[in-house]
Amino acid sequence: MIKKFLGLCGVVAMAFVGATQVQSDTGSPGSLPYQDVTVYEAATIITMEPGYPEAKFVATSDGIILGVADTLEDLSAWTDRRNVTVDRSFASETIMPGFVEPHIHPMQTVMMLAIPFISPESWELPGKSYPAVTGEAEYEARLRTVLSESDEELFLTWGHHRLFHGDMTRTKLDEIAPDRAVVIWQRSFHEIIANTKALELLEIGTSEAFAAEFDAPGIDPDHADFETGIIHETALFNGIGKLRPYLFSPEKVQQGLIEMRQMMLENGVTTSADLAFGGFGGIAAEAPLFKSLYDLPSTPSRILAIPVAPLVTGDPNEWLAQVQSEYGSDKFFFSNRVKLFADGAFFAQYMQMNPPGYSDGHEGKWITEPDELTEQARRFWDAGWNMHTHVNGDKGLDVVLGISESLPVRNGQSMVLEHLGYSTEAQNRRIARLGLMVSAQPNYIRVLGDAYAQSGLGADRAAQMSRLGSLERKNVPLGLHSDFNMAPIDPLYLAWVASNRETLAGNVKAPQERVSLDKALRAITIEAAQVIGMDDRVGSIASGKKADFVVLDRDPRIAGAEALRDVGILGVVFEGRWFAAE
């Protein structure tokens, strides 16, 4: 059903406006490879290749890049005696490699796109806009309005944050909505708050039923509280299990898939990685669903599925061979990479912080206790796998770095730190010395830089969240990710945040930790590809790589770091085929 629906809705733009058909005068096409060649001309092609950084022409065939050049004549090795189309549609535009999104959660994206956002920042999503909401009274007023417009049996909304909107508990939510089942998803995604009607609807409306639901291996009993209605961290996925019938109706899933595809296209993303594959619905449910999207010719992107550690049972390499054989394809595929979790959510101040800790005295949380995390890491490292570890606070980072230092050095294996909300300068030196890579979430400084200065971290540590300039100075490979919906799936926006460090209120935090414009662009192209092990195939415009390009309305280097978020995206070329953004 989903395949049929998407097939009808997907539109592939095949017309090459301004293209001209030419044939070499050296003779008719012979037995040479790549008989049908398309050459794209641009005002500037930014290759992201240090040895050949710019060009004006790029030749493609069979979905790959044959060569780049400053003149058509320099492409003659690939155009002589072939059928050649010179596409001049983008002769006044700028071409870059297709953007790489190294950390998203498609299942989370599908479920979140179907519910209204009430958050501290505004959002522009396919077919809908949500204004920024700050202040306790403003949040409550907006919640009442959106609730009145919905007839859902279980009403869900996302984006609440106590530092912007005041505390929220089951009791307060009962006062706002005594007759409706309501669940609020906290801004971090790691926490939900349910009112009494919702708990009753979900069949956990008594203290006994609630306790039984969250009495399971791996769940910290402190992560589910009946009195407040708060379910978070290790208890969250059991909570999502109860919500699943209200999140994943066929209609919502179909619409979510369409909107996710469009969001990727509009923001120039041609390659991404799912950093919690199987964690929401299991492999047998998630794999066919996302194959139904990515295997379509009308979907101009591909995705690497990176599973969460507990799902990889038995011998990791046998597991990998089995799932790749059963589900893998050219655009939906697996590799020897796994996702681990250390400490808690940054947006909820659940990250584990070293002294002096939090200013209000609360403690952070572990998603995986350090001893168990060590066992997981050793298991996958011994199997030859690469590891991506969710880590947010400096105390959590000490644990992860200690594990890394305890593992034997092996050529060809890598460790990637995911998010890295707060690190010290000394820790960044360790990261560089150990040869680790970072996939960072820069939106922390944008949304939380001012709020965490006032509550939790203090002005100095809050200003130095996402210490990415330090990583650049130490030559650490860096990718920027959205972890949607922690940030929009919009690589140019992420690059703008990392290179400007401007908060929602317009304050610049620790300007020394800005990344350079060049690093920002590398972090959404070639270095983003590097952190997911795909820089041999994507991330730059070079012979032999996938013919994936994003077409921009201006050269972002000329516009400068301050204007990165204003650069317009006209569409993408994916494996040699043009897809317009609108």
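In strand β22, the bridge partner of P97 is F549. This is a predicted model, in which local features need pLDDT of at least 70 and side-chain atom pairs count only at pLDDT 80 or more, while totals for chains, interfaces and linings use all residues. Residues are numbered from 1 along each chain as its sequence is written, and side-chain values use heavy atoms, with hydrogens and water left out.

Strand β5 (residues 83–97) runs antiparallel to β22 and is joined to it by four bridges, where strands count as paired if DSSP finds at least two bridges between them; strands (E, at least two residues) and helices (H or I, at least four) are DSSP runs numbered from the N terminus. Four bridges also join β22 to the antiparallel strand β23 (residues 569–574), with V551 opposite G571. From β22 (residues 549–552), F549 and V551 point one way and V550 and L552 the other, and all are buried, meaning under 20% relative accessible area with a 1.4 Å probe and protein chains only, against over 50% for exposed and partly exposed in between.

Elsewhere, strand β18 (residues 386–391) is largely enclosed by the rest of the structure, because six of its six residues are buried. N386, H388 and H390 cover one side and M387, T389 and V391 the other. β18 pairs in the parallel sense with strand β17 (residues 337–341) over five bridges, and the chain crosses from β17 to β18 through helix α13 (residues 370–382) in a right-handed β-α-β crossover, that is, one whose path from the first strand over the helix to the second runs clockwise with the strands pointing away from the viewer.
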